[in-house]
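Hello,

Here is the structure for you to take over. My notes on what turned up in it follow below.

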Amino acid sequence: ANYLSVEIKSIILFLQEEIEKDVFLQHQKREEERAKREQKAEAQKFGFIGRIFVNEQDSEVGVRLLSSISHKFLARLSEGIYRVTLVTEKDEDVPKNLTTLFVETVVEDFGSAYMGATLQAILTRLERGDESVLEEFFNSVALINKNTIAIHNKFFKEIWPEIEERTHRAAQTACLEAKQNMTSQLEDKIIKGLGISLDVTINWIKQILETKQKTTDYLPQTGNNFLGNLPSLGADEDIMALSRDKNFGSVSAACNEVCAFLRKTHSTLSQSLDGKNLEFYMLELGTRLLQVILDHIRNFTVGGFGALSLMLDLRKYRDTISSWGVSPLTERFTFLHDLEKLYMVDGAHLKTFLESSSLKHMESKELESFLQQRSDFSTLMARKDKPTI
């Protein structure tokens, strides 16, 4: 019993030392970054450097979930399991001692005090709307998933056989319940975090669009009001031929930034979630994103070759979503194909276009909310052949 206590304390201390080493290295790195910034500022006084990175901030310092720490802990745990099994005087005490070792080191210390508490700290930052912690959260989810699988495998490979061999029902039940409780608590935090991360992601996208989208992005840039002079109404090859001319529309900076952020998010999530979990998350994110895009369009007047820029933006959004491989979501975003044409068709063809496109299924108020963003809306409504809304 005395050796068991010493071994448990030794394993817990080992984990704590590894964590403290990482925190120390973080502090050291932060001080180095701060010193470099001060050197740049000092050098600029003498004209050696053209600018100072005034927006640079100290890197976050705190306990992090790292695979290197997890690997070292699990290796140290194996040593502890071997030693406790070897030095326990009474053979019938092995199951009880291994159970105590497992619960106090794996469940309570590694599971709750390290993984659980660190994840909770990340969630607290997420709840404040800190988008910079999204990647850390997703990476932590991936590591926690790997750790729980590793703990499961180690338990059934190194501890369970020793308990089962001695037919100790109480030890079996205690270990399984403790392991399940640890997993459930971590899963609850992850599920909560995924919900918060969706809100943070969407809010960040809204912020990009609100701050980076210029009012002139979709406004007429030439004498042409609309692109109805194309050889074939809405012919993709003709439209894309125009888009290749740098003078006639381009993907907006706001759209490029949003799509880059979405690609990074999907790439990181693909390492954290798999199968239906990943598909469900991306489906929810994409559904919310579609509504954000639609609401965003309603804030801008569109016309002339600005309509071409809008088309290029909407197509980039569609291509980005399509790359996720979520079929229901890809189908929903095909709606944007007809919506982009709404701003490219001239008044003479608009009524015919609306009668033949999927937009005819929209409620009249919703359709009007998009149609009235055309720069020629007032003139359009004065036409004898105006579209019926």
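Please keep in mind that this is a predicted model.

Surface patch. Y3 is partly exposed, because its relative accessible area is 31%, which falls between the 20% limit for buried and the 50% limit for exposed. Y3 belongs to helix α1, which covers residues 2-45. Together with Y82, L86 and V87, Y3 makes a nonpolar surface patch of about 410 Å². Helix α2 (residues 67-87) supplies the largest share of this patch, 3 residues.

Two or more lining residues come from each of α4 (134-165), α5 (169-212), α7 (253-272) and α8 (275-297). The most come from α5, which gives 6 residues. By residue class, the lining of the second largest pocket has 10 nonpolar, 5 polar and 4 charged residues. If you plan to look at the pocket, that breakdown covers its lining.

Buried helix. Helix α11 (residues 335-342) is largely enclosed by the rest of the structure, because 6 of its 8 residues are buried. The buried residues of α11 are L336, D338, L339, E340, K341 and L342. Buried here stands for a relative accessible area under 20%.

Regards

Key. Residues are numbered from 1 along each chain as its sequence is written. This is a predicted model: local features need pLDDT of at least 70, side-chain atom pairs count only at pLDDT 80 or more; totals for chains, interfaces and linings use all residues. Side-chain values use heavy atoms; hydrogens and water are left out. Patches are made of residues with over 30% relative accessible area and no salt bridge: like charges are joined within 9 Å, nonpolar side chains (Val, Leu, Ile, Met, Phe, Trp, Tyr) within 5 Å. Accessible areas come from the Shrake-Rupley method with a 1.4 Å probe; for residues, only the protein chains shown count as cover. A salt bridge is a side-chain nitrogen of Lys or Arg within 4 Å of a carboxyl oxygen of Asp or Glu. Helices (H or I, at least four residues) and strands (E, at least two) are DSSP runs, numbered from the N terminus. Buried means under 20% relative accessible area, exposed over 50%, partly exposed in between (1.4 Å probe, protein chains only). Ala, Val, Leu, Ile, Met, Phe, Trp, Tyr, Cys and Pro count as nonpolar, Asp, Glu, Lys and Arg as charged, and the others, Gly among them, as polar.
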